[in-house]
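Student: I have a fold to work through. Can we take it in steps, from the overall layout down to a single residue?

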Amino acid sequence: SMFSFTDICLILDIYKKAKESKKEFVFIYIVVKDTETGAIFPYALKIDNFYALTDKINETLSQSVLASKSYDEKLKALDVELGFKYDNNPTALEKVFLEEYKLFGISLYKSDNLELNNWKKLELKTDGTVEEVPCNN
């Protein structure tokens, strides 16, 4: 329904393998269908701060409740936990994601069409609402 913890780890892996001159162009995309309206929206993730992302991923994976699990089991457990949060808030997926990953050094973007233009950066405001900031595209 929205990006998972595994997706967050994936973008970090892609970023690490990218040539230095291409790192600013590393994005991952998903397409999400709005369960209420049926509208389809593309979303993208971009790394803003490699070090913050690396630290937060490592911190999350080293939680004591996950200590006995393999890497793949940790990812699955974290994805399931996040999935429950998405399931409990089906009309607020963007807000759930932004709250969950606000300190991870990543940005969430949304396009309002499948032509992948008219992108907006989604930001969590202090009042808990999601603000759409138009990009220059």
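Predicted model: local features only at pLDDT ≥ 70, side-chain atom pairs only at ≥ 80, totals over all residues.

Student: In which sense do β2 and β3 pair?

Tutor: Strand β2 covers residues 40-47, and strand β3 covers residues 106-111. Five bridges link the two. Their pairing is antiparallel.

Student: Which residue of β3 is the bridge partner of I47?

Tutor: Look across from I47 into β3. The bridge partner there is I106.

Student: Which strands stand at the edges of the sheet?

Tutor: The sheet is open, with five strands in the order β1-β2-β3-β4-β5 and antiparallel pairing. A strand with a single partner has one side left without a neighbour in the sheet, so it stands at an edge. That applies to β1 (27-33) and β5 (130-134).

Student: At about what angle does α4 run to β4?

Tutor: Helix α4 (residues 93-100) lies across β1, β2, β3, β4 and β5. Strand β4 spans 119-124. Helix α4 runs to β4 at about 60 degrees.

Student: Is K110 buried or exposed?

Tutor: K110 is found in strand β3. The cut-off for buried is under 20% relative accessible area. K110 has 12% relative accessibility, so K110 counts as buried.

Student: Which side chain makes a polar contact with that of K110, and at what distance?

Tutor: Beyond four places in sequence, the contacts of K110 include F41, Y43, E94, W119 and E132. A polar contact joins the K110 side chain to one of these. The partner is E94, at 2.9 Å.

Methods: Residues numbered from 1 in each chain as written. Heavy atoms only, no water. Pairing = 2+ DSSP bridges. Helix = DSSP H or I, 4+ residues; strand = E, 2+ residues; numbered from the N terminus. Contact = heavy atoms within 4.5 Å. Axes fitted to C-alpha atoms, helices over the stretch in contact; angles between N-to-C directions. Buried < 20%, exposed > 50% of the residue type's maximum accessible area, 1.4 Å probe, protein only. Polar contact = N/O pair within 3.5 Å; in protein donor to acceptor, adjacent residues only side chain to side chain.
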